[in-house]
Amino acid sequence: MSSISIATLPRMSRDALSALLLSASSPSKLAIIDVRDSDHIGGHIHSSTWIPSSSLDHRMPELVRKLADKEKVVFHCALSQQRGPSAALRYARERESTLGAEESKKQDVYVLEGGFVQWQEKYGKDTRLTEAYVEDIWQEY
């Protein structure tokens with residue numbers, strides 16, 4: 001039985017993630033997985049990979065293989081309250097069952113605190129960090 005749970009998954013702040021994205025050496029060692037579904041419109045974090053939560057189950061083995069060389073993997077949805085943490089937990093457990101507990105510890109899996117809603121509040125207009133941002137969509141949040 002895995003010791004990983006939603007409660008034990010570490011959270012990453014938007015400021016820590018932005019610092020990683022802006023550092024010269026970290027982006028190649030970092031993966032950001034956006035699991036929003038139809039609410040993906042209106043912008044996304046630069047270099048993130050969009051995998052809607054509805055398709056995550058069948059893509060999980062591929063994701064574990066594809067991200068094997070990354071040091072940090074950050075999951076998020078709109079608020080990072082349900083889909084993002086659930087996706088991170090499934091990924092961490094799949095990685096552990098595929099690679100074993102020791103090997104899986106070589107990669108840190110995070111949930112972005114506050115999700116894209118909090119991200120866009122601070123970094124939505126920063127084109128170094130956010131792509132395809134549409135401010136009007138986010139004014140109601």
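# A tour of the chain

Start with the charged side chains: the mean positions of the 18 positive and 20 negative charges lie 4 Å apart. Keep in mind while looking that this is a predicted model.

**The whole chain.** Switch to a cartoon view. Six helices and seven strands make up the secondary structure of the chain. Going along the sequence, their order is β-α-β-β-β-α-β-α-α-β-α-β-α. The radius of gyration is 14 Å, close to the 14 Å that the globule rule gives for 141 residues, so the chain is as compact as a globular protein of that length.

**Surface and interior.** Next, show the surface. The accessible surface of the chain is about 7500 Å², and carbon and sulfur atoms hold 50% of it. Hide the surface again and colour by burial. Of the 141 residues, 46% are buried. For the contacts, take those between residues at least 6 apart in sequence: 69% of them join residues at least 24 apart.

Select S80. Where does S80 sit? It is in the loop between β5 (72–76) and α3 (83–99). Is S80 buried or exposed? With a relative accessible area of 8%, S80 is buried, because buried means under 20%.

S80 and G114 are 34 residues apart in sequence, but their C-alpha atoms are 5.6 Å apart in space. Which residues does S80 contact, leaving aside its neighbours within four places in sequence? They are F75, P85, V111, L112, G114 and G115.

**Helix α5.** Move on to helix α5, residues 115–123, and select W119 and Y123. The chain has three aromatic pairs. W119 and Y123 form an aromatic pair that is tilted, with 4.8 Å centre to centre and 45° between the planes. Why are the two separated by about one helical turn? The reason is that W119 and Y123 are four residues apart in helix α5.

Colour this pair by burial as well. W119 has a relative accessible area of 0% and is buried. Y123, at 10% relative accessibility, also counts as buried.

**Last view.** Show S80 together with W119 and Y123. S80 belongs to the loop between β5 and α3, while W119 and Y123 belong to helix α5.

Key
Residues numbered from 1 in each chain as written. Predicted model: local features only at pLDDT ≥ 70, side-chain atom pairs only at ≥ 80, totals over all residues. Heavy atoms only, no water. Rg over C-alpha atoms; globule rule 2.2 N^0.38 Å. Buried < 20%, exposed > 50% of the residue type's maximum accessible area, 1.4 Å probe, protein only. Contact = heavy atoms within 4.5 Å. Areas by Shrake-Rupley, 256 points an atom, 1.4 Å probe, with all protein chains shown as cover. Lys, Arg positive; Asp, Glu negative; His and termini not counted. Charge placed at Lys NZ, Arg CZ, Asp CG, Glu CD. Phe/Tyr/Trp six-rings, centres within 6.5 Å; stacked < 30°, edge-to-face > 60°.
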